[in-house]
Amino acid sequence: MAVERKPLNSFKMLVKVLKDNGVLLINGCDNSKAASKFIQHIDRAMTEKIKLILENSSFFSILSDGSQPRKTGSEKELVYVRIVKDGDPTYLCVALENIDEYGHATADNLKRAIDHVFLKKIGISKEDYTKKLVSCTADGASVNFGTYSGLLTQMSEDGREWLLKIHCVCHRVELAFGKVLTQIKEFNEVRQFMITMYYVCKKSGKFKRQIKVTGEAMDATVYNFPKVHGTRFVAHQKKGLEKLLHNWLIILTAIEDITANTQPSKVNPKLPGLKKKLLDFNFLWHCCLYKEILDVFAELSLSFERDQLMVSEIELNVEKASNHLNDILEASNEPESLIETIAGITLEEDPEVPD
């Protein structure tokens with residue numbers, strides 16, 4: 001229930017279901033107050049287990065990332081540790097710390113929050129926390145990698161001159177893809193088309209209804225067009241392309257119906273431009289090529305999210321993806337310059353980030 005964030009008053013129903021299935025349970029413990037106590041005990045048991053694991057480990061790494069939910073607006077920092085357990089790399093989630101309790105999300109307050117997690121909440125010794133911490137991983141924001149007072153710089157200067165500071169591989173891959181693909185004219189046109197489609201659907205209820213009606217008439221499933229210009233470049237672009245290619249004929253037919261049955265002065269001025277693109281075979285071809293390339297990128301990105309990922313696999317996976325891209329682009333008969341641009345993606349270390 002805690003993991004799924006279900007309301008504690010559901011606990012009574014869960015207990016009833018278990019009893020009806022013959023499970024023997026303690027009487028009088030089928031209320032939300034008892035559920036809260038159980039969760040607190042589980043939390044303490046897990047914290048003690050994590051403390052024991054860290055104390056028995058020769059070294060560990062910290063991975064952290066921040067988020068700010070729209071609903072609450074509060075800054076949260078998710079903290080993981082990575083250890084070697086029985087010869088395999090293992091991740092443990094140790095905290096989701098509310099940074100608002102420490103003030104603004106500055107490097108100083110992030111360090112205070114992480115220090116508090118390990119020294120107070122988990123309760124390992126200062127010596128273990130200092131000497132066993134060998135690396136820290138975060139995204140490339142200046143609050144983390146600031147040269148003079150960034151979070152990782154402060155962690156290194158706190159008695160850990162050996163600390164390895166790692167810019168998250170998944171984040172670097174995402175930045176590399178976004179930077180390269182938006183420089184290619186054909187793919188940037190596809191991206192701009194999807195952004196226009198998103199806003200036209202968002203602002204025009206009539207057009208959105210027409211697409212739905214057209215889909216029903218064609219006996220086809222219609223997918224709502226998503227926002228494609230968010231922070232997750234590969235995921236958003238891939239999702240947008242999947243919806244666009246699936247709804248291609250539906251959108252084209254809907255635009256033709258609107259332009260044919262509406263006075264020209266009342267037609268959204270963007271619709272004729274969208275129609276022209278949808279009728280362009282070269283544009284369709286580049287949408288499909290873009291989707292195929294993003295599939296390779298998505299597979300590479302997922303390979304970096306595996307718990308058992310070893311350092312030696314990173315360069316190998318990048319090389320495999322690069323070879324796959326070469327095969328796709330050579331088969332597509334695209335210009336040599338485009339092939340070199342995409343296949344030449346590197347994940348070089350970032351330059352120093354100023355505070």
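A: Begin with the term pocket: on a 1 Å grid over the protein atoms alone, a pocket is an open set of points with protein on both sides within 12 Å along at least five of seven lines. The model shown here is predicted.

Q: What is the volume of the second largest pocket?

A: Rolling a probe the size of a water molecule over the atoms shows where empty space is left. In this model the second largest pocket has a volume of about 920 Å³. Its lining is made up of 25 residues, and those closest to the centre are Ala2, Val3, Asp43, Met46 and Cys93.

Q: Which elements supply the lining of the second largest pocket, and how do its residues divide into nonpolar, polar and charged?

A: At least two residues each come from helix H2 (32-56), strand E3 (88-98) and helix H3. H2 gives the largest share of this lining, eight residues. By residue class, the lining of the second largest pocket has 18 nonpolar, two polar and five charged residues.

Q: How many cavities of 30 Å³ or more does a search of the whole structure find?

A: A cavity differs from a pocket in that the probe fits but cannot get out. The search finds two cavities of 30 Å³ or more. The second largest cavity has a volume of about 40 Å³, and its lining consists of Ile62, Ser64, Ile114, Cys136, Thr137, Leu151, Leu152 and Met155. Strand E1 (60-67), strand E4 (133-138) and helix H6 are the elements that give two or more residues to this lining. The largest share, three residues, is from H6. Six of the lining residues of the second largest cavity are nonpolar, two are polar and none is charged.

Q: How many salt bridges does the structure hold?

A: Side chains of opposite charge can pair when their charged atoms come close. The structure holds 12 salt bridges. One of them pairs Lys16 with Asp20, with the closest N and O atoms 3.2 Å apart.

Q: Why are Lys16 and Asp20 separated by about one helical turn?

A: Because they are four residues apart in helix H1 (residues 11-20), about one helical turn separates Lys16 and Asp20. Lys16 counts as partly exposed, at 47% relative accessibility, while Asp20 counts as exposed at 58%.

Q: Where do Glu127 and Lys131 lie?

A: Both lie in helix H4 (residues 126-131), four residues apart, which is about one turn of the helix. Glu127 and Lys131 form a salt bridge whose closest N and O atoms are 3.4 Å apart. Both residues are exposed.

Q: Which parts of the chain does the pair Asp158 and Lys111 link?

A: Asp158 and Lys111 form a salt bridge, with the closest N and O atoms 3.0 Å apart. This pair links distant parts of the chain, 47 residues apart: Asp158 is in the loop between helix H6 (151-157) and strand E5 (164-167), and Lys111 is in helix H3 (residues 107-122).

Q: Is Lys111 buried or exposed?

A: Buried means under 20% relative accessible area. Lys111 has 10% relative accessibility, so Lys111 counts as buried. Asp158 is partly exposed, with a relative accessible area of 23%.

Q: What is at the start of helix H12?

A: There, a side-chain oxygen of Asp280 reaches to within 2.9 Å of the backbone nitrogen of Asn282. Helix H12 (residues 281-303) has 23 residues and spans 34 Å from its first C-alpha to its last, close to the 33 Å expected at 1.5 Å a residue.

Note on methods
Residues numbered from 1 in each chain as written. Predicted model: local features only at pLDDT ≥ 70, side-chain atom pairs only at ≥ 80, totals over all residues. Heavy atoms only, no water. Salt bridge = Lys/Arg side-chain N within 4 Å of Asp/Glu carboxyl O. Buried < 20%, exposed > 50% of the residue type's maximum accessible area, 1.4 Å probe, protein only. 1 Å grid on protein atoms, 1.4 Å probe; cavity = no way out; pocket = protein on both sides within 12 Å on 5 of 7 lines; lining within 4 Å. Points joined across faces, edges and corners; volume = space filled by probe spheres on them. Nonpolar A, V, L, I, M, F, W, Y, C, P; charged D, E, K, R; others polar. Expected span 1.5 Å × (residues − 1). Polar contact = N/O pair within 3.5 Å; in protein donor to acceptor, adjacent residues only side chain to side chain.
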